[in-house]
Amino acid sequence: TIETLNSLARTNECRHRFDAAKECYEECINLSREILGEKDSSVSQTLHDFGCLLIKMNKRSKALDIFESTLRLRKKLLGLENEDTIITITKIGEIYLYDKEYEAALRCFDQALTLISQLHGTNHIDFGTCSQTMGTIHYKEERFEEAIRYLKDAYTIQNAASETNMIRLSNTCHCL
């Protein structure tokens, strides 16, 4: 039943039936918590998916609450040095960035950058993407020296992986 509800939510979301998807996600989360409890990683994934839907629905404040709940759960279940945890941190940062809360966004992306470097090293494409975002935020805050430093790091990493990541490289060059 939980898996079916989750599939129904994703299907409705793909068909842009956001209200129907929202109802399915909410029911799925409640049922998952009731049956599986907070110790099952599928609950955190459903919460994360629900947060992504809320962003599409332009309900960023509610999405932020959901992602913060997801983050608390993922920290307990998976730890900080985990891809899913890092993705949740960046989603929170993206909400702050969209809302022009740059200092809060920087804190999120700085934490993600640290965790990515611990997990994958500083030459990983995710490190480059996060560096690009950090550079963009510094640019928006008119901290140009910091922006250049992060964007150069991003460029170097993305250039090394350019054959498979030409779009990311193009975006970074545009920022430089």
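Helix H2 (18-35) and helix H3 (41-56) are among the elements that cover the buried residues of helix H1. Cover here rests on contact, meaning heavy atoms within 4.5 Å. Helices are DSSP runs of H or I, at least four residues long, numbered from the N terminus. The model is predicted: local features need pLDDT of at least 70, side-chain atom pairs count only at pLDDT 80 or more, and totals for chains, interfaces and linings use all residues. Residues are numbered from 1 along each chain as its sequence is written, and side-chain values use heavy atoms, with hydrogens and water left out.

Which residues of H1 are buried? They are Ile2, Leu5, Asn6, Ala9, Asn12 and Glu13. Buried means under 20% relative accessible area, exposed over 50%, and partly exposed in between (1.4 Å probe, protein chains only). An α-helix has 3.6 residues a turn, so residues three or four places apart point the same way. The face turned away from the buried side of H1 carries exposed Glu3, Thr4 and Cys14.

After H1 comes His16, with a positive phi near 65°.

Now move to helix H5 (residues 83-98), where Thr90 lies. Thr90 is buried, at a relative accessible area of 15%. A polar atom of its side chain lies 2.7 Å from the backbone oxygen of Ile87. Leaving aside neighbours within four places in sequence, Thr90 is in contact with Phe109 and Ala112.

Note on methods: Helices (H or I, at least four residues) and strands (E, at least two) are DSSP runs, numbered from the N terminus. A polar contact is a pair of N or O atoms within 3.5 Å; within protein, one must be able to donate a hydrogen and the other to accept it, and residues adjacent in sequence count only if both atoms are side-chain atoms.
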